[in-house]
Amino acid sequence: MRLSRIAFICLPATLAALLSCSACPGDPGVYCDKENGFHITFPVDWTVETDPGGGRVVAARAPLEDGADSEVTGTAFEVLIMRMQSDPDLEMFFDSYKKRLPEGKAYYQYEDSGEIKVGGKKTKYILYVIDTEPRYEARLEYLQKKGSAIYIFRGVTRGVQFNQFHDQFREIAYTFRLI
């Protein structure tokens, strides 16, 4: 009887450990962050930087054309995690987040927003253009919730380059998985 209780208690923990180990595919371009509980696939020719600052846990940068200034022409896909003190409602958080975006910005233009499923999870998205000096950026941001954390994964590029990267941003976003 005692052995079966131990097995009953240990089996779920063992299964969870095994699943978390196999939750990150070893395919090229896959960035796996077990500590923060997600993985995402970036294009293999992009440069990946971990802990780049500004609340971002990872940023992948598209190759630059020869002689291009990354401050002006760079394109990136980033993952940020906002840890909340309580379990936030995604709808309410998203509405508040949208309202705060133009604060303190010289230029802000809302383009589109909505709700989709990414990895089978409810995901909010917003597309906007913003002045970030020294350039205007187009940002396509996706938000998911896990417990008390909000995951923001977003594509960022110069406004005039957005059409060139829009489909690629969507492809990257659709690989995002919470683990």
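I started with the strands: β6 (residues 108-118) and β7 run antiparallel and pair over ten bridges. For me, two strands pair if DSSP finds at least two bridges between them. Helices (H or I, at least four residues) and strands (E, at least two) are DSSP runs, numbered from the N terminus.

A note on the source: this is a predicted model, in which local features need pLDDT of at least 70 and side-chain atom pairs count only at pLDDT 80 or more, while totals for chains, interfaces and linings use all residues. Residues are numbered from 1 along each chain as its sequence is written, and side-chain values use heavy atoms, with hydrogens and water left out.

**Around β7**

I looked up which residue faces Tyr125 of β7, and found Gly114 opposite. The hairpin of β6 and β7 has two residues between the strands, and there Gly119 takes a positive phi near 60°.

On to the next partner: β7 also pairs with β8 (residues 136-146), again in the antiparallel sense, over eight bridges. Here I found Ile130 opposite Glu137 in β8. This hairpin has four residues between its strands, and Glu133 in the turn shows a positive phi of about 30°.

Then I checked burial, where buried means under 20% relative accessible area, exposed over 50%, and partly exposed in between (1.4 Å probe, protein chains only). Nine of the eleven residues of β7 (residues 121-131) are buried, so this strand is largely enclosed by the rest of the structure.

**Aromatic rings**

Next came the rings, and I noted 14 aromatic pairs in the structure. Rings of Phe, Tyr and Trp (its six-membered ring) pair if their centres lie within 6.5 Å; planes under 30 degrees apart count as stacked, over 60 as edge-to-face and the rest as tilted.

Phe38 and Phe176 have ring centres 5.5 Å apart and planes at 20°, so I logged them as stacked. This pair links distant parts of the chain: Phe38 lies in strand β2 (residues 38-41) and Phe176 in the loop between α4 (162-173) and β10 (177-178), 138 residues apart. Both Phe38 and Phe176 are buried.

For Phe162 and Phe169, the centres are 6.3 Å apart and the planes at 50°, so this pair is tilted. Phe162 counts as buried at 9% relative accessibility, and Phe169 is buried at 0%.

I also found one aromatic cluster, formed by Tyr31, Phe38, Tyr142, Tyr151, Phe153 and Phe176.

Last entry: the charged end of Arg100 sits over the ring of Phe93, 6.0 Å from its centre. The rule I used asks for NZ of Lys or CZ of Arg within 6 Å of the ring centre and within 35 degrees of the ring normal.
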